[in-house]
Amino acid sequence: MVTIMWGRLLISVLAAYALWFFTFSTRLSTFWLRLAFSVAALVLISFWMRDRRLLQGFRKTRPLSLLSGILVGLGLYLLLLAGYALLEPYVASSAGEIYLLRREAEPLYIALLLIFTSIGEEIFWRGFLLQELREALGTSYALPVASLIYSTVHLWTMNVPLMMIAFIAGMVWGLLYVRTGSLASASISHIVWTELVFIIA
């Protein structure tokens, strides 16, 4: 049984690396459609591997969990701004590469896709991968391992600041999920953060 679980995890993680390679290193269609496709594939993998247990993460949602998600998303964005202000000479070009992606689609289209992709990413990264790792390793080991994997799938971007942000965000959303038991809370935080980064601010 343990071997089967590690096999499922390995297959899922390799699929995530392949999908992020497709998203960031190919030119088929627009970046936003490639991202939506990859996230949809990760959601399907999550439900295939973990079945209905994933839905428990949405059933445990309370109004306070949703408020926590909003506040954590805002806090994470402010942390990003502070980091940018401190390290601007070193990270400005990397940030510029990310913002160039906004030219590929209309803001409303991107905003709607970000809602879908934020929820989908939380289903895979926290609802499936982190939860599986918690059951195998315990929470204290699972959180950094899941966040490291979430960070390194962005390796294809060759953007070190983005990978560092992904690690920090993975830790924050992982802790939020662990503390609230709610995937909706982590999803709302992810939505708030991405909408602020790409659309609003």
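Begin by selecting V39: leaving aside neighbours within four places in sequence, V39 is in contact (heavy atoms within 4.5 Å) with W20, F116, T117, G120 and E121. The model is a predicted one, in which local features need pLDDT of at least 70, side-chain atom pairs count only at pLDDT 80 or more, and totals for chains, interfaces and linings use all residues. Residues are numbered from 1 along each chain as its sequence is written, and side-chain values use heavy atoms, with hydrogens and water left out.

V39 is placed in helix 2; helices are DSSP runs (H or I, at least four residues), numbered from the N terminus. Its relative accessible area is 0%, so V39 is buried; buried means under 20% relative accessible area, exposed over 50%, and partly exposed in between, with a 1.4 Å probe and protein chains only.

Next, select S187, which is located in helix 8. S187 counts as buried because its relative accessibility is 3%. Display polar contacts here (pairs of N or O atoms within 3.5 Å; within protein, one must be able to donate a hydrogen and the other to accept it, and residues adjacent in sequence count only if both atoms are side-chain atoms). A polar atom of the S187 side chain lies 2.8 Å from the backbone oxygen of L183. Not counting residues up to four places away in sequence, S187 touches F58, S118, I119 and E122.

Now select residues 63-99, which form helix 4. This helix has 37 residues, yet its end C-alpha atoms are only 33 Å apart, short of the 54 Å that a straight helix would reach at 1.5 Å a residue; the expected span is 1.5 Å times one less than the number of residues. Where does the kink in helix 4 lie? Centre the view on E88: a kink of about 110° lies there, shortly before the proline P89. The bend at a residue is the angle between axes fitted to the seven residues ending there and the seven starting there. Among the buried residues of helix 4 are G69, G73, Y77, V91 and I98.

For comparison, select helix 6 (139-152). Its 14 residues should span 20 Å at 1.5 Å a residue, and its end C-alpha atoms are 20 Å apart, which agrees. The buried residues of helix 6 include A142, L143, I149 and Y150.

Two loop residues come next. S29, in the loop between helix 1 and helix 2, has a positive phi of about 60° although it is not a glycine. S29 counts as partly exposed, at 48% relative accessibility. M158, in the loop between helix 6 and helix 7, has a positive phi of about 55° and is likewise not a glycine. M158 counts as exposed, at 70% relative accessibility.

Finally, turn to the largest pocket, whose volume is about 980 Å³. A pocket is an open set of points on a 1 Å grid over the protein atoms alone, where a 1.4 Å probe fits, with protein on both sides within 12 Å along at least five of seven lines; lining residues have an atom within 4 Å of a point. Select L80, P161, L162, I165 and W193, which lie nearest the pocket's centre among its 43 lining residues. Helix 4 gives the most to this lining, with 15 residues.

Terms used
Grid points are joined across faces, edges and corners, and a volume is the space filled by probe spheres set on the points.
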